[in-house]
Amino acid sequence: MHNEKRDHLMKKWQKFFLGLLCLIYIFVLSMTIWPQSITAINDFVANIAGNSPINQHALLNVSQLVLLVLTILILLVIIFIPAQKNGILLEKNKQGVLSLSNDGVTSFVNTILSGYGLSNIRVAFKNTKHVNQFDITADSVYQRHVIKQLPQIKQTLTSDIQELLSGIDEKKLKLSIKVDQKSTGSSRKKRSTRVV
C-alpha cells in the first residue's frame, strides 16, 4: 500500500512535469513556425496593457535556450539515474526467463520481521543495477523492547537476505529500519527510532 501511494504521487509529478515541458515546446515551436501570428498577439496584448511590445527575437532566443537546458537536464537524468529492475534474474535460457520478483523479496522481508512483534510492516525495495536498498518502517506496541533488539534484527535480516540472494544477486545491500510506537489509549503521538 505504501509503495502504491508513493508510485501514484510519482506518476502525478511526472505528468505535471511532462505537461509543462510540452507547453514550453509548443510555445517555442509556435513562435518559430508562425512568427507573424505571435507578433500580432504580442502587439494586441501590448495595446491592451498599454505597454511596449516585447522583443520577439529576444524572447525566442531566451525560450530556445531554456528549452535546450531542460532537454540536456532530462538527458542527464535518463543517463545517470539508475533504472529500477522489476525482479532478480535467477536463470535465463532458450525456454525462457526465471526471476524472483521484487514483491517476492518484499514478502520474504515481511515474513521475517513479523516474528519480532512488529506490525503494519512497510517495505520499500529499490532494486537497481548496483544496489539492493530496503527502507523499512513498522509499528510496535512494545517499542522499548524492540529498540534493544533492532541492531540484532537488522543483522539477522541482512544475513537472511544475503543468504536468499547468495550466488544469484550479490550486489551491495543497504538496509534501514524505522519503528514507530503504536498509539495507545489517549496518547496519539508516535515516537520513532531508526537503524542506519
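Phe134 is buried, with a relative accessible area of 0%. The model is predicted. Phe125 also counts as buried, at 7% relative accessibility. A search of the whole structure for aromatic pairs returns 1. That pair is formed by Phe125 and Phe134, whose ring centres lie 4.5 Å apart. The ring planes of Phe125 and Phe134 meet at 10°, so the pair is stacked. The cut-off for stacking is an angle under 30 degrees.

Phe125 is also one of the residues touched by Asn102. Asn102 belongs to helix H4, which covers residues 102-113. Asn102 counts as buried because its relative accessibility is 14%, and the limit for burial is under 20%. Apart from residues up to four places away in sequence, Asn102 touches Lys85, Asn86, Gly87, Phe125 and Asn127. Lys85 lies 17 residues from Asn102 along the chain. The C-alpha atoms of Asn102 and Lys85 are separated by 8.2 Å.

With residues up to four places away in sequence left aside, the contacts of Asn127 can be listed by position. They include Ala83, Gln84, Lys85, Gly87 and Ile88. Asn102 and Asn132 are also touched by Asn127. Further along the sequence, Asp169 and Lys171 complete the list. With Lys171, the link involves a polar contact: the side chains of Asn127 and Lys171 are joined at 2.6 Å.

The secondary structure of the protein consists of 5 helices and 6 strands. Along the sequence, the elements follow the pattern α-α-α-β-β-α-β-β-α-β-β. The protein has 196 residues, of which 28% count as buried. Contacts between residues at least 6 apart in sequence were also examined. Of these, 55% join residues at least 24 apart.

Note on methods. Residues are numbered from 1 along each chain as its sequence is written. This is a predicted model: local features need pLDDT of at least 70, side-chain atom pairs count only at pLDDT 80 or more; totals for chains, interfaces and linings use all residues. Side-chain values use heavy atoms; hydrogens and water are left out. A polar contact is a pair of N or O atoms within 3.5 Å; within protein, one must be able to donate a hydrogen and the other to accept it, and residues adjacent in sequence count only if both atoms are side-chain atoms. Contact means heavy atoms within 4.5 Å. Rings of Phe, Tyr and Trp (its six-membered ring) pair if their centres lie within 6.5 Å; planes under 30 degrees apart count as stacked, over 60 as edge-to-face and the rest as tilted. Buried means under 20% relative accessible area, exposed over 50%, partly exposed in between (1.4 Å probe, protein chains only). Helices (H or I, at least four residues) and strands (E, at least two) are DSSP runs, numbered from the N terminus.
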